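Here is a quick walk through a structure, one neighbourhood at a time. Keep the 3D view open while you read.

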There are 2 protein chains.
Amino acid sequence: MLVRFQPHNREVQVAKGENLLRAAMEAGVYIQASCGGEGVCGKCRVLIEKGEVESPRAPGISEEDFQRGLRQACQTRVISDLEVRIPVESELDKRVIARTRERVGGGRQVSHQELESLVLGWCFNPALHKHYVEMEPPTTRDNRSDLSRLLLALKKAQGLESISVDFHLFKRLPFVLREGEWRVTATVVQTRMESQLSEYQLRGSRRPKLTNLEPGDTTREHYSIVLDIGTTTIWGQLLDLNKRATVAEASDYNGQISYGDDVISRIVYSQKPEGMKKLQESVVGTINGIIRDLAKKSGVNLDRVSHMAASGNTIMTHLLLGLDPKYIREAPYTPVANFFPPVRAMDLGLTMGKHVHLYTFPSVASYVGGDIVSGILGSGVYQRKPLTLYIDIGTNGEIVIGNSEWMVTAACSAGPAFEGGGIKHGMRATLGAIEDFRINHRTYDPMLLTIGMVKPKGICGSGLINTVAEFLEAGVITANGKFNADLPTRRIRPGPDGMEYVLSLAEETAIDKDLVITEVDIDNLMRAKAAMYAGYVTLLQSVGLTVGNLEQVVIAGAFGSFIDIERAITIGLLPELPLDRFLFIGNGSLLGARLISFCNEMLDDGERISRMMTNVELSESPEFMNNYVAAMFLPHTNAEEFPGVSQRLFGQK
Amino acid sequence: MLVRFQPHNREVQVAKGENLLRAAMEAGVYIQASCGGEGVCGKCRVLIEKGEVESPRAPGISEEDFQRGLRQACQTRVISDLEVRIPVESELDKRVIARTRERVGGGRQVSHQELESLVLGWCFNPALHKHYVEMEPPTTRDNRSDLSRLLLALKKAQGLESISVDFHLFKRLPFVLREGEWRVTATVVQTRMESQLSEYQLRGSRRPKLTNLEPGDTTREHYSIVLDIGTTTIWGQLLDLNKRATVAEASDYNGQISYGDDVISRIVYSQKPEGMKKLQESVVGTINGIIRDLAKKSGVNLDRVSHMAASGNTIMTHLLLGLDPKYIREAPYTPVANFFPPVRAMDLGLTMGKHVHLYTFPSVASYVGGDIVSGILGSGVYQRKPLTLYIDIGTNGEIVIGNSEWMVTAACSAGPAFEGGGIKHGMRATLGAIEDFRINHRTYDPMLLTIGMVKPKGICGSGLINTVAEFLEAGVITANGKFNADLPTRRIRPGPDGMEYVLSLAEETAIDKDLVITEVDIDNLMRAKAAMYAGYVTLLQSVGLTVGNLEQVVIAGAFGSFIDIERAITIGLLPELPLDRFLFIGNGSLLGARLISFCNEMLDDGERISRMMTNVELSESPEFMNNYVAAMFLPHTNAEEFPGVSQRLFGQK
């Protein structure tokens, strides 16, 4: 049977009776299917445009929709050649790293559109404007210079005065004016975004600056590219600066991964001969790939991109800009700078026109970077009264506590467990990673879900949290993270690293050996969660507050998006608070970059945030060590900090 | 006999009785000797430190000086081995192009020191300052970024706020701070000089900008390089920004000469494939040579040069900055721009540190360039009430008329005669060029002086003026520039190009043929002088004035420096005015560049001058053509315009 998927126009030969979701998988076409094929999530809807299938009407599909051919792919078998259309809402990005899914386990996940409404008082007013102007051609009586003519026209037509001009335009100026027959489009920016940045000046006078000139009227094509430069993944969006819209999205692994998984190993590598150069080239290479992707997906001419904005942690920012991060790693951990001037994208090796400058978010300290500043901006935390914990969980966990009045921040080194590091069968959240887990409370047999619904290859960070929480709920492990060896199951057994639980037997895996979780793994997860917990508790203590004072918890970052809050509370990673106080904003870093791209005034807010944050060095804090030791328990040594969980698990109050 | 010259430590073997001036010539040591060896100018004074000479006491040498060994070299014969010291004032630059000489024929020539006093109200206040600061090293309690630490120190110690930072410094920052053990020297500039320039903003707010950072205290070494980018010659000076002093001077022919003698041929060449690139590379190559020379002569470390300032005509400025001059040549003659932002010197290919920016003087129009603006600035014309004619005589003659209230300007294409072009035996003012001329009024035999006192190779522009004036005075030619063939001399004879006068017979020349001046040559000179004269007369008319209203004539430019005013008046090139109204400022272009380098505030004045000048396109003026035709006579068709000369020559009133 030949099955053709639209709008991708991909086809695949399958046996009659084949499951349509599997057919899509084989064709390399992805469909959202978060329940693992059980047919309950109802997300994998497709439209059978031609051909015959066998499929029951799922409860979520109306009679009318069913009549016009709507089916749940996971419940559908192929009977004849098919033409299948995947509606946009059922489509996932083709990359696993770009997966999104319905939030489970409580907390509120909001869309980017909603998120932008979190921030108050911003208006759609990009820093860059395109102005179309017409001039009289020069005559002997009026043979002022080409530049004078243009500036005079901009003054007369647009009221723009005291414009400065980027030197690269001088070379093109006479030709653009004549090619356009004295009708041109000028891109003008408020200077500070494109020019030098002062570390001490917040709201300076902003003189307009001419950054680009195009023949004819191109005002309708006016774009920006925003980037989140993650240690692991880089995300990019192409934005329409006329329509306040996202035109395309793309992402890829940061090419620096091959030089080290985390920021510390990147710094180490940067000190090798040519190390800085290679690291910069690889991140630039990744961004250039994303730029190509964005152009391809959108059909937008990259010459019409007017500027770029990026946010990343302090180390990523240093490496992108070619600044040596050497002293970030050595006590007392000083970055070169926390504020960075906009840089001509081309000078970094980015494949953009000469007119494009890259604005980089300011950092706070060596381990609290522009991504956090961007997230605080994008989440509006800095504008609101409620005491908020903003948390980005990862190897380098970043924490902010505060509100519109004040903010303290800290980074805590949680170790790589959340990213699958230091875990026997740990892996990144990619194809084949166990991401969800249930246990039969009688037989103690597992129920697994992997990313991509393929045979398991390992377990990712969120999967590990879910698994350990489930272990705890089912009494498979005790509060100190040790297996209960007395349970009537062969799944729990002694292994080379101590006791272990067999998640998946060799023949069921893609790795041809038993896939296990060991007590060492659980211990590593406990260290990681204890570091995060101790981090925000210590920060709270530093300002005389406790977890109970938190009115809101904002969880940012790709990893956070996949966390099940209830389970994260169960293991003591997140504080025990009513679920409606939790807000997931996803990629907060990208969110802030979008905002400043759409709204000039937000630049000031971003810089204000960076200045208002007080950094606390946890590594120097004895309180942190105490809190850390106290948190090395599931959920916590002090049951009062997790009364609900403790009550449920141990009957304690 | 062995003669050793100091301070050069050069020696030469000569025969006993040899002339000491000739010995110096042979040793490659130059001594100012403008009278051609006649002993009357008294400039070639040397100090005989050891050995015996034969020399009369010249009238200008006191008995006391004579006793301590002072002699006129041209009057001295070598008797024994000698040790000779050349006092600074007798020394010429080793390059012929750098020659200077006592003014003859009236007019006042002033030194650079005097010249700087022509400009009112300027103070020694360079735009760039060096600040030495000390910082506390970072600690865990104070681990702000390196940049923050530096800026805070500059704020505390120097009161500098809102400093912006050149991005190139970010990369070096952590290493310079640590190399200097937290003691560094920061170079700070008032932004506008180093940053983008607005064509419409005159006196903007000037935020300080950090341009350079050096470990330790380097405040005592703070230099600038100023350049006059001439079509033919480039002059450079290394200035000490602490001492307001010239440390070294150097000059060389503009490497672009091989692509064309004048600006028009350069523009033509620029339109060939790679033409722009080659032209830019050759002028940059010349400047780099001058920079090397300046470093060598001064012993100054070029890393201690903080900035550069250059002035040149509009075409030279375009080509240096890599701007296409194409439309300067095509009616209606529009330059790309008249104001240019400072450019990183390194980006142009100049061998300077990354911190060095090149400031370029603004132009007025396609053929009235930054060199004129610089000269007007340097001469103080724009500050004074007297009606002044500022004139730079050359192939492209530039004229300014005005005072502190207003200024009109024009360029007039005089043709290459002043530079020896279009003249049968014309040549540039280099070694072997006839530069002065007298005629025996009875025999009509010539008396020549060549540059370098060598056998004549040709005649240069100033020599041609002197010769033609002398012809006129002696009745060798008539007022319409034709030879008087009736004179009893074989020097006047028919030649292939019509009548000619033999300046030098083949055996007396370095070219092995008779060196002549033809009627065609005289005609070409008349065209050139007529164009200049018609230029300033037309400009005067355009504002309702006449030559008689002129209260001062400022003659700028290398060529002008060698003109004999009286003879220039005789042929009708300069207006007939009392000689004390003439002022020679030499290289006015370099003068203005020095001023802005020494005095920040002068930048504004330079830009104000550029704006206050009204350009008149003479090529479009019917009055100019009339004036030109009327001036095609020696000195002029209308004897009333040159009453003194006419009276003397023709007995007319």
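## Ser619 of chain A

Ser619(A) sits in the loop that links β30 (613-615) to α18 (622-630) of chain A. This is a predicted model, and in it Ser619(A) has a relative accessibility of 54%. The cut-off for exposed is over 50%, so Ser619(A) counts as exposed.

## Chain A as a whole

Stepping back for a moment, chain A has 19 helices and 30 strands. It runs to 653 residues, 61% of them buried.

How many of the contacts join residues at least 24 apart? Counting contacts in chain A between residues at least 6 apart in sequence, the share is 69%.

## Two helix pairs

Start with chain A, where helix α7 (residues 263-270) packs against helix α8 (residues 275-298). Their axes lie 7 Å apart, at an angle of about 130 degrees, which means α7(A) is oblique to α8(A). On the α7(A) side the contact uses Arg266(A), Tyr269(A) and Ser270(A), while α8(A) brings Gly275(A), Met276(A), Lys278(A) and Leu279(A). Sorted by class, that gives three nonpolar, two polar and two charged residues.

Now hop over to chain B, to helix α4 (residues 146-158) and helix α5 (residues 167-179). Here the axes come within 10 Å and cross at roughly 70 degrees, so α4(B) is roughly perpendicular to α5(B). The crossing is left-handed. From α4(B), Asp146(B), Leu147(B) and Leu150(B) take part, and they meet Phe170(B), Leu173(B), Pro174(B), Leu177(B) and Arg178(B) of α5(B). The residues of this contact are six nonpolar and two charged, with no polar ones.

Thr218(A) is in the loop between β12 (208-215) and β13 (223-229) of chain A. Is it buried or exposed? Its relative accessible area is 4%, so Thr218(A) is buried. Setting aside neighbours within four places in sequence, Thr218(A) is in contact with Lys130(A), Thr185(A) and Arg304(A).

Arg144(A) is also a loop residue, placed between β9 (128-134) and α4 (146-158) of chain A. At 34% relative accessibility, it counts as partly exposed. Leaving out neighbours within four places again, Arg144(A) is in contact with Arg149(A) and Leu152(A) from chain A, plus Thr334(B) from chain B.

Val53(B) belongs to strand β4 (residues 53-54) of chain B. With 19% relative accessibility, it counts as buried, because the cut-off for that is under 20%. Which residues does Val53(B) touch, not counting those up to four places away in sequence? They are Ile48(B), Arg71(B), Thr76(B), Arg77(B), Ile79(B) and Leu82(B). Take Arg71(B): it is 18 residues from Val53(B) in sequence, and the C-alpha to C-alpha distance is 9.2 Å.

Most residues other than glycine have a negative phi, and most peptide bonds are trans.

Against that, the bond from Ala331(A) to Pro332(A) is cis, with omega near 0 degrees. Pro332(A) is in the loop between α10 (326-329) and β17 (343-344) of chain A. In chain B, the bond from Ala331(B) to Pro332(B) is cis too, with omega near 5 degrees. Pro332(B) lies in the loop between α10 (326-329) and β17 (343-344) of chain B.

As for phi, Trp182(A) is not a glycine, yet its phi is positive at about 65 degrees. You'll find Trp182(A) in the loop between α5 (167-179) and β11 (183-190) of chain A, buried with a relative accessible area of 9%. Tyr444(A), another residue that is not a glycine, has a positive phi of about 60 degrees. Tyr444(A) is in the loop between β22 (433-439) and β23 (446-450) of chain A, and its relative accessible area of 11% makes it buried.

Notes
Residues are numbered from 1 along each chain as its sequence is written. Chains are lettered from A and ligands numbered from 1 in the order in which they are written. This is a predicted model: local features need pLDDT of at least 70, side-chain atom pairs count only at pLDDT 80 or more; totals for chains, interfaces and linings use all residues. Side-chain values use heavy atoms; hydrogens and water are left out. Helices (H or I, at least four residues) and strands (E, at least two) are DSSP runs, numbered from the N terminus. Buried means under 20% relative accessible area, exposed over 50%, partly exposed in between (1.4 Å probe, protein chains only). Contact means heavy atoms within 4.5 Å. Axes are lines fitted to C-alpha atoms, for helices over the stretch in contact, and angles run from 0 to 180 degrees between N-to-C directions. Angles under 35 degrees count as roughly parallel, over 145 as roughly antiparallel, 65 to 115 as roughly perpendicular and the rest as oblique. A crossing is left-handed if the near helix is turned anticlockwise from the far one by less than a right angle, and right-handed if clockwise. Ala, Val, Leu, Ile, Met, Phe, Trp, Tyr, Cys and Pro count as nonpolar, Asp, Glu, Lys and Arg as charged, and the others, Gly among them, as polar.
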